[in-house]
Amino acid sequence: MKWHLPGAVFIAFSQMATAQSPCESTLSQDEINACYEHLASNIDQGLARELSDYSKRLSPNQQEQLLAAQESWEKYREAECAFEASGARGAVNYSEVNARCRILVTRTRIQLLGRLQYCEVGPLPCPAPWQ
């Protein structure tokens, strides 16, 4: 299977991975928490767009499978980030720690969907080959 990621998607991920978070220059913990929650919301919107775009190319059966997989993934993300943030439970930075986890886990999900969305038929399965 061959993978194709459009240049804009690759550049966006590169910038997200290397750029310092805009939340780091914020002064108060409440502002930092709000900033990370905002970033997590933005990346969730990006994920929703990726899912919507990808599902348009799938058969009805595949769409149902993707929906079931996404629902399971969302439960995984919630549990994973609750666990990762458990050490900060009750602390003023709990929201920041939880949001940072959601951002990281969601970026990974978007990358996986991007690989699936732009794959070509090859030696490995590809649910909906890029055309």
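Predicted model: local features only at pLDDT ≥ 70, side-chain atom pairs only at ≥ 80, totals over all residues.

User: What makes E24 and R100 a salt bridge?

Analyst: Their side chains meet at 2.5 Å, N to O, and the cut-off is 4 Å, so the pair qualifies. The two residues come from distant parts of the chain: E24 is in the loop between α1 and α2, while R100 is in helix α4, 76 residues apart.

User: Why are E24 and R100 called partly exposed?

Analyst: The label covers what lies between buried, under 20% relative accessible area, and exposed, over 50%. E24 has 38%, so it is partly exposed. R100 has 36%, so it gets that label too.

User: How do you know that R102 and E37 pair up?

Analyst: By the distance again: the side chains of R102 and E37 meet at 2.7 Å, N to O, and the limit is 4 Å. As for cover, R102 sits at 17% relative accessibility, so it counts as buried under the 20% cut-off. E37, at 30%, counts as partly exposed.

User: What makes R77 and D44 a salt bridge, and is each residue buried or partly exposed?

Analyst: Their side chains meet at 2.6 Å, N to O, which is within 4 Å and therefore a salt bridge. R77 is in helix α3 and D44 in helix α2, 33 residues apart. R77 has 12% relative accessibility, so it counts as buried, whereas D44 at 28% counts as partly exposed. There's also a network: salt bridges that share partners join E24, E96 and R100.

User: Why can such side chains pair at all?

Analyst: Side chains of opposite charge can pair when their charged atoms come close.

User: On to the cysteines. How many disulfides are there, and what makes C23 and C35 one of them?

Analyst: The structure holds three disulfides. The sulfur atoms of C23 and C35 are 2.0 Å apart, and a disulfide needs them within 2.5 Å, so this pair passes. C23 is in the loop between α1 (7–18) and α2, C35 is in helix α2, and they are 12 residues apart.

User: Is the C23 and C35 disulfide left-handed or right-handed, and why?

Analyst: Left-handed, because the torsion about its S-S bond is about -80 degrees. Both cysteines fall under the 20% cut-off for buried: C23 has 1% relative accessibility and C35 has 18%.

User: How do you know that C81 and C101 are bonded?

Analyst: Their sulfur atoms are 2.2 Å apart, within the 2.5 Å limit, so they count as a disulfide. The link connects helix α3, where C81 sits, with helix α4, where C101 sits, 20 residues apart. With -80 degrees about the S-S bond, this link is left-handed. C81 is buried at 1%, and C101 is buried at 4%.

User: And what is the handedness of the C119 and C126 disulfide?

Analyst: Right-handed, because its torsion is about 85 degrees. The S to S distance is 1.7 Å, which is within 2.5 Å. C119 is buried with a relative accessible area of 0%, and C126 is buried with 14%.

User: What pattern do the disulfides of the chain follow?

Analyst: Counting bonded cysteines along the chain, they follow 1-2, 3-4, 5-6.

User: How do you know that the length of helix α2 agrees with its residue count?

Analyst: Helix α2 has 27 residues (29–55), and at 1.5 Å a residue they should span 39 Å; the end C-alpha atoms are 39 Å apart, so the two agree. Its buried residues, among them I32, Y36, I43, L47 and Y54, pack against α3 (60–84) and α4 (94–117).

Definitions and conventions. Residues numbered from 1 in each chain as written. Heavy atoms only, no water. Helix = DSSP H or I, 4+ residues; strand = E, 2+ residues; numbered from the N terminus. Expected span 1.5 Å × (residues − 1). Buried < 20%, exposed > 50% of the residue type's maximum accessible area, 1.4 Å probe, protein only. Contact = heavy atoms within 4.5 Å.
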